[in-house]
Amino acid sequence: MLSAKTVSRKVAALSNYFLWLVSIEIFDHKTNPAGAIRYARVTSPLPDILFENECQALLKASSSDPRTYFLVLLLLETGLKKEELF
């Protein structure tokens with residue numbers, strides 16, 4: 001079973017594709033197959049933020065291992081998601 005976010009992304013891709021086909025006059029607005037699809041866009045929740053003192057504590061706790069320190073520093077400095085980093 002697909003998550004709501006996945007379905008929303010797929011429907012948006014189809015809608016955009018058919019809108020592009022309409023813009024190059026392959027379809028008109030009346031025959032657009034994606035025109036009848038109704039969906040509610042799913043929004044992601046905002047991420048939690050760390051305050052400066054929490055960042056410093058995290059860096060201090062990770063400083064005993066260079067690899068861990070580098071990973072934490074990379075996450076904090078770039079804003080990558082942990083899934084993107086790993």
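Predicted model: local features only at pLDDT ≥ 70, side-chain atom pairs only at ≥ 80, totals over all residues.

Modeller: Residues are numbered from 1 along each chain as its sequence is written, and side-chain values use heavy atoms, with hydrogens and water left out.

Biologist: How many helices and strands does the protein chain have?

Modeller: Helices (H or I, at least four residues) and strands (E, at least two) are DSSP runs, numbered from the N terminus. Here the protein chain has four helices and zero strands, in the order α-α-α-α from the N terminus.

Biologist: What does the radius of gyration say about the protein chain?

Modeller: The radius is taken over C-alpha atoms, and the globule rule is 2.2 Å times the number of residues to the power 0.38. For 86 residues the rule gives 12 Å, and the protein chain has 22 Å, well over that, so it is more spread out than a compact globule. Its C-alpha trace spans about 65 × 25 × 20 Å along the principal axes.

Biologist: Which C-alpha separations can I check in the view?

Modeller: W20 and Y69 are 49 residues apart along the chain, with their C-alpha atoms separated by 47 Å. For Q56 and F27, 29 residues apart along the chain, the separation is 57 Å. Q56 lies in helix α2 (residues 52-62).

Biologist: What share of the residues counts as buried?

Modeller: Buried means under 20% relative accessible area, exposed over 50%, and partly exposed in between (1.4 Å probe, protein chains only). Of the 86 residues of the protein chain, 19% count as buried. Q56 is partly exposed, at 44%.

Biologist: Which residues form the nonpolar patch on the surface?

Modeller: Patches take residues with over 30% relative accessible area and no salt bridge, joining nonpolar side chains (Val, Leu, Ile, Met, Phe, Trp, Tyr) within 5 Å and like charges within 9 Å. A salt bridge is a side-chain nitrogen of Lys or Arg within 4 Å of a carboxyl oxygen of Asp or Glu. The nonpolar patch holds Y17, W20, I24 and I26, with about 430 Å² of accessible area together, by the Shrake-Rupley method with a 1.4 Å probe. Y17 is partly exposed at 43%, and W20 is partly exposed at 46%.

Biologist: Which residues gather in the patch of positive charge?

Modeller: Lys and Arg count as positive and Asp and Glu as negative, with His and the chain ends not counted. A charge is placed at NZ of Lys, CZ of Arg, CG of Asp or CD of Glu. This surface patch gathers K5, R9, K10 and K81, and R9 is in helix α1.
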